[in-house]
Amino acid sequence: MSGYWSGILAILAINIIFAYGIFVTATAGQLNLGGAGFMAIGAYGAAMLGEQLGWTPALTVPAATLLTALVGIGIAFPVLRTRGVYMVLATFAFAQVVTGIILTQPALGGAMGLVVTEYVDLPVLLGVAAAVTIGVFWLTATRLGLAMRALHDDELVAVLMGVPARAVQVAGFAIGGGLAGLAGALYAHHFSFVEAQYFSPLLSIYVLLFVLIGGTQTAWGPLVGASFFTIVPELLRIGGSWRYVVFGVMIVAMMMFRPEGMVTRTLLARLMGRRRHADAG
Amino acid sequence: MSAAAGVRGAHPLVVSAGVAVGCVAAIAGLAALPGGATLAQQVVSGLMLGGIYVAVAVAFTLTIGVLNFLNFTIPTMFMLTGMVAWGLARHGLPFTEAWHWALALPPGIVVAILASLVVERFTFRYLKTRHGDATEHAIPLVSSLGFLLIFEHLVLIVLGSDAQSFPVRFRLDWQVGPLVVGLPQLASLLLSLAIVFWLSWLLARTRTGRALRSIAESPDTATLLGVEVTRIVPVVFLLSGLLCGVAGALFVVNYSDVSPFMGDHVGTKAIAAMVLGGLGSIWGAIAGGLLVGLLETLGIHFFGGDAAQVVVWTVLLLAIVLRPQGLFGGSRIGKGKL
Amino acid sequence: QARDIVIGLTMVKSGPLKTPGEATETCVDIAVAEINAAGGINGRRIRIEKFDTGSDPRQAATAAQKFARDDNALAIIGPFSSGESAVAFPVGERLGIVQISNSASQPGLTGNFSYAWRLTEDEGKQFGRLLTSLTRKGVPASKAEIMFISDERISNITATQFYPGLLRARNISFGEPVSFQYRTFDVAPQVTQILQRGPEVVALAATPDGAGKVLRELRRQGFTGRVIGSQIFADPNSVELFGPEGEGMIIVAGFWWDRNDATRAFTRKYAEENAKRGLTSKRIPHHSDAQAYDIVYLMKQAAERAQVTGEASRIAAERTAFRDALRGIRFTGVTGENTCFDAARDAELPGFIIEIKNQAWSLFDSFPADTCA
Amino acid sequence: MPMPDEALLTVAGIGKAFGGLRVVDDVSFTVPRGGRLGLIGPNGAGKTTVFNLISGVYPLDAGTITLDGKAIGTLPPRDRVLAGMARSFQNIRLMPHLSAVENVMLGQQARASGLGALLTPIGWMPRGRWRRDAEALLAEAGLDIDPGDVVSSLPYGIRKKIEVVRALASRPKLLLLDEPAAGLNPAETAELARFLRKIAEGGTALLVVEHDMGFVDEVCDRVVVLNFGKRIYEGSMAGARADALVREAYLGADAA
Amino acid sequence: MLLEIEGLEVRYGRTHAVRGVSLGVATAEVVTVLGANGAGKSSLLKAIAGAVTPAGGRIIFDGADVTALSAPERVKRGLVLVPEGRQILVSLTVHENLLMGAYGRRDGDVARDIEGIYARFSNLAARRDMLASVLSGGEQQMLAISRALLARPRLMMLDEPSLGLSPLLVGRLFELVRELNRDGLAILLVEQNTRMALRTASRGYVMELGRIVLDGPADRLADNEALAAAYLGSH
Ligand SMILES: Nc1ncnc2c1ncn2[C@@H]1O[C@H](COP(=O)(O)OP(=O)(O)OP(=O)(O)O)[C@@H](O)[C@H]1O
Ligand SMILES: Nc1ncnc2c1ncn2[C@@H]1O[C@H](COP(=O)(O)OP(=O)(O)OP(=O)(O)O)[C@@H](O)[C@H]1O
Ligand SMILES: [Mg+2]
Ligand SMILES: [Mg+2]
């Protein structure tokens, strides 16, 4: 594979994992605009464990994932008191606090960032991304996934059907936070360097866009959304600075014509239906 | 609608006059204390900084309170005013020598309004809510982010990524004893207040106000009742574009510089202000704006520049969690649509 | 038909660093055209492969991979910024390809990477020269205050790790450095704070736009002393940005356009070529532009020394030979004469102390480059 | 075998006020095991509010609720569901993005507690137990639709029925139905009545709010009539028809 | 004819909801449209009101082709729909909902008309300053109809208005329909309460799978075998 495409693929793999982190809460109807905060915790967690304690990535990555999942649980309780825009903004504020704290802590490298010595190569990233993808597909096919989608549509009714709403939502934040942290840990080890400035509001916004543009109805959404966001700007590379403008136009057009995201259940049903039809004929 | 509730409840005119008198007295008292001048200056700076946040926060509140639409392009409108005005003035437009910098600002505002209308045309106009669940209301959020990309990069292409100086050459500070008060900021505060009075009256009491609130709830039903949604909604976008434009112009006059990213910081702080005050409550936006400004300057004074950001966002996080409706907000707005 | 020698250029043509970064390409193109016209390297033409990172560090890593693995590049010019270099240097090290940055001036960035080089001068050293010059020229500076951008790495390091020591060494008293964030636009509270301590000079560590904000606020609140700073905001294009408030400011840069015939010729070409490309405001080269121009010549010299052929089959060996040829090299270009590289592969460059006078850059003082051990 | 007249649901003296307005005022009634009680009354009488109080959407201001011998009046909604009740809604509240069969499978939630049940991939098993169950239930209700259809595109009447089926999927001891026949045509109403009687024969107790008196006649063996939040009648439907108060407040003079 | 529909088509993506429907409503006439669930009745009314864009066909109201007009334009001309599921504005008060009904009106009689509504529906009068969200189902239905009346329609389309009303109110509703009709209002009524609808209307249409399969005078339809068959359903 060419060096260029392996570079792009590495970014894509991390974006996919990250996007699934946001997707898991979004399927349950919770928009998380604090993705960068979770990712930063994972990245700095892995970096610190690696540099301070000398752990290898085989240890730092799971540990950082677990750490972020715990943070997810911790933050879920206050954040779940809020709804809609308030939740979006609460998670946004959370991310701002995380990066703000990193910037003010010399022990975390402050504005200078941290160098990460242990390197994790592309095959690992691809493997983890594939595993996460399969895991999330599996998750959405379970009763837990069904409960999440029900919470997304109508929380009160879901509760009246016996869905343990709070537990499911907290689980969503734990899994989602963990995945974002996993993406951060892999980021740290692959790019060998972490800095607070990278985990900006813009990053949170982008990853939420991956998910919303891809569609929150099925697990295909983040996969398609992250790929779209990672690969289309590359294909537009010849356009120079114009590529972002074109890209913005594509986003707006997408929302005009496919407001529920690129992949919807109806679309899948239609594709599957066709296939079934074709098989029969 | 909390804006309406605000009018029906305490009389905001009385309240705000009282608050203003109280503030002036407090600052004067503080300045008179030995060594209090510095702190008094910080309080003044904070309130003045808040003045800028207020205008943008009101613009945010307007679209979210009236149309239930969290419009992320608002910081871009703010930025467009400054950058377009700079671009024009740089090329000597409009052609009046000494004043062309100041004269370039109104066209900048016009561009912000036009941009806002373009956003309306391609986002709100296509917003067809179907089922009313939690995330599909993110649609306007996403498309307004799309526009954010478009406008920001257009500006980058045409005008470059640098901050630029915008040499407005008139002294606009007001020296009161040991204190320096920025007149443009004061003006933006007063202007926002005036607009807010008018808006809250409009929403609560007029036919147009009711139509707007109907649209906020259900554009489809409003249409069936005879509301020309496509004609009324642009008015809101026009207003919010105007507010951002004016805020941007006053910003430029005050700080004498512009940059393609000048909206980002103001934008996030204005959102914080809006949330602190309560979504959809225009009175809340005013209180929130001033509060965030104060929190920021006092945070800087006591804890330093970085910690101040942590302070602001922590306070916000706590506020959302402890009092999700904000200081003045109704509990309904913002829970459904983004 | 001889094969071209490929050199990669990791540059910034979009994103937040677009404006400071976009003239890099012009300078590289000028140098390549000159070299090719004069017969190339070892008789082979240079071909530049370009990659725009959009100011995103991850893209700088991708660029290094692309040049090394897809384009058979001999070496890479760039990345532009410290953030990008921090990510791209480890990649270059793994792939065994030299990268020479023209702008990343964060101290210690090249670390232990044998393939990471920089043609830039250290912020701390440059600021020390500026302080020396203040004493030499009798500028009153016994009480100073430091203001810096905290979330911009170079500003932060310079202000917190270099300014205090350098000031202390010259017996200049100062208080706790006061910080503001990059996106902050209102620095009134910070300025109120430092002016309360009554400084004679204010030492700034900030990007040009950050510096502009502080300057204006300082003057608004009545400060009349000098504002000084190292090379971060020493941008010839900032004179306009600073406006009348910038008058009397003293800064330091690694390049002075009016130094000799070569620098003047380069400056002329720079302005012409930029005008052709629509970059009309870029008339005087920034030191990172001059450094980009010199990097191409530096690469030519090293490639000739390593007897590089550009053959694809030998590329790995030639890259290493190229790196080894850089060791102990002495180089003369528009940035200085007999420039050498220290043990950490950072260049030793001269320092030019610049004063803004009558709204223009004027040379206030200058220091020769240090010699390498 | 349960005793036929043993009370399954006992509502005793419940009350609810909204901002001073007493919407439900000291209402008591019982639903026996396998019983079929109709709750009727004029618009705004408080019927839906009673449902909301029983299912725990609103907290009680006064009174107690007992289900199967267990006091549930203060339990959170989910625990009441687990105790054996299920309900439908006056305005259809299906999950618009889920398919018909998924909506029904959501109704099974109360029966599928525990981590194991939560993590079994029901979506990938067309022949899995849960799915077969759900499809069978849909068929039993006479719903001739593709179970994979997303409900938002189905017609009103069909959705209305799916909602009843969803409530049934938890195999409740007590089923609360809020105007199940509203929006159905006479033929469909009759069919639904037949279906509900069959369910009742299977031992599920019914508490039905409905304005279609013919339907109530068909389905319920007893009615409670509310007016302004108060119980004004309890007894047989025929008795209600004859009651002057009920006629005046609810049925209208010309009701035959 | 006050309203004439010719060959109307409505499609939602692949669903063909209304297939070439033609019908007419004369001035001061009550016409009812009956049909099983999903027959396309609501889609028909929505297309007439302008809430969905028809895929084909023409809508002529009062002699003018209104097919291309927007919904608000049609409201102004007196073509008003009381939509299925009431669609009242729950974030406005009851009174404000009524004012919204009169949105297109510029005359000074609005206040008087609203008092008239309050006199007729005492439930609404008692809750005039409460948010409409707290109304019971039946109260919401009253509000929806009252709101439409305030637009001073010439043709009112009612989509299942009796849904959720008590028997007493259903009776009153149909009385109201007859009364409004006597005052000169034309009414197009979609109902599941076939008996009442046919008793009130002068003519009726029966829809099945998007097509009109039967039409005629209401009394003839009332004892029509085919109608019974259509309802007992072939499915
Ligand atoms: N949350 C609430 N706040 C204030 N009032 C309420 C609330 N919910 C219901 N009400 C009022 O309580 C009364 C009873 O409402 P409820 O929905 O129980 O009536 P209902 O008997 O179900 O009527 P219908 O047959 O029309 O559905 C109504 O007058 C309604 O306005
Ligand atoms: N927005 C929509 N998107 C897709 N399909 C729709 C939509 N609205 C209606 N349909 C479909 O169009 C057909 C006709 O629906 P319509 O609502 O007009 O029927 P109806 O006769 O009013 O039924 P009901 O008596 O249940 O109200 C149905 O198959 C329905 O599923
Ligand atoms: Mg009810
Ligand atoms: Mg219908």
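Predicted model: local features only at pLDDT ≥ 70, side-chain atom pairs only at ≥ 80, totals over all residues.
Let's begin with how the chains meet. Eight pairs of chains touch, and the pair with the most contacts is A and B. Chain C stays away from two of the others. It makes no contact with chain D, and the closest C-alpha atoms of those two chains lie 37 Å apart. Chains C and E don't touch either, with their closest C-alpha atoms 39 Å apart.

Now look at chain C by itself. Its fold has twelve helices and 15 strands, and its C-alpha atoms fill a box of roughly 70 × 40 × 40 Å along the principal axes. For 373 residues, a compact globule would have a radius of gyration near 21 Å, and chain C agrees with that at 21 Å. Of those 373 residues, 68% count as buried. If you take the contacts in chain C between residues at least 6 apart in sequence, 69% of them join residues at least 24 apart. The accessible surface of chain C comes to about 12,200 Å², and carbon and sulfur atoms account for 48% of that.

Inside chain C, find the open sheet of five strands. Reading across, the order is S2-S1-S3-S4-S5, with parallel pairing. S2 (46-52) and S5 (116-118) of chain C are the edge strands, and each has a single partner, so one side of each has no neighbour in the sheet. From one strand to the next, the twist averages 25°. At the S5 end, S4 (residues 98-101) of chain C runs parallel to S5(C) and is joined to it by three bridges. To spot that pairing on screen, pick Ile100(C), whose bridge partner in S5(C) is Trp117(C). Helix H2 (residues 23-37) of chain C packs on the sheet, where it touches S1 (5-11), S2 and S3 (75-77) of chain C, and its direction makes about 170° with that of S2(C). Helix H12 (residues 315-326) of chain C lies across S3, S4 and S5 of chain C, and runs at about 45° to S4(C).

Chain D has an open sheet too, this one made of six strands. The order is S6-S7-S8-S3-S9-S10, and the pairing is mixed. Here S6 and S10 (230-235) of chain D take the edges with a single partner strand each, so one side of each is left without a neighbour in the sheet. Ignoring direction, neighbouring strands are turned by 15° against each other on average. Within the sheet, S3 (residues 36-40) and S8 (residues 205-209) of chain D run parallel and share four bridges; Leu39(D) stands opposite Val209(D) there. Helix H6 (residues 156-168) of chain D lies across S6 and S7 (174-178), at about 160° to S7(D). Helix H10 (residues 244-251) of chain D lies across S3, S9 (222-227) and S10, at about 120° to S10(D).

Over in chain E, go to strand S3 (residues 30-35). Six of its six residues are buried, so this strand is largely enclosed by the rest of the structure. In a regular strand, side chains alternate between the two faces of the sheet. In S3(E), Val30(E), Thr32(E) and Leu34(E) point one way, while Val31(E), Val33(E) and Gly35(E) point the other way. S3(E) also has parallel partners. Four bridges join S3(E) to S8 (residues 186-190) of chain E, with Thr32(E) opposite Leu189(E). Five bridges pair S3(E) with S9 (residues 203-208) of chain E, with Val33(E) opposite Tyr205(E).

The magnesium ion that is ligand 4 has Ser42(E) (OG) and Glu84(E) (OE) as its protein donors, 1.8 to 2.5 Å away. Ser42(E) sits in helix H1 (residues 41-49) of chain E and Glu84(E) in the loop between S6 (79-82) and H3 (94-101), 42 residues apart. Ser42(E) counts as buried at 14% relative accessibility, whereas Glu84(E) is partly exposed at 26%.

Thr48(D) lies in helix H1 (residues 47-55) of chain D and Gln90(D) in the loop between S6 (85-87) and H3 (100-107), so the pair ties together parts 42 residues apart in sequence. Thr48(D) is partly exposed, with a relative accessible area of 25%, while Gln90(D) is buried at 14%.

Technical notes: Residues numbered from 1 in each chain as written. Chains lettered and ligands numbered in written order. Heavy atoms only, no water. Pairing = 2+ DSSP bridges. Helix = DSSP H or I, 4+ residues; strand = E, 2+ residues; numbered from the N terminus. Axes fitted to C-alpha atoms, helices over the stretch in contact; angles between N-to-C directions. Contact = heavy atoms within 4.5 Å. Buried < 20%, exposed > 50% of the residue type's maximum accessible area, 1.4 Å probe, protein only. Donors = N, O, S within 2.8 Å, 3.2 Å for Na, K, Ca; no water. Rg over C-alpha atoms; globule rule 2.2 N^0.38 Å. Areas by Shrake-Rupley, 256 points an atom, 1.4 Å probe, with all protein chains shown as cover.
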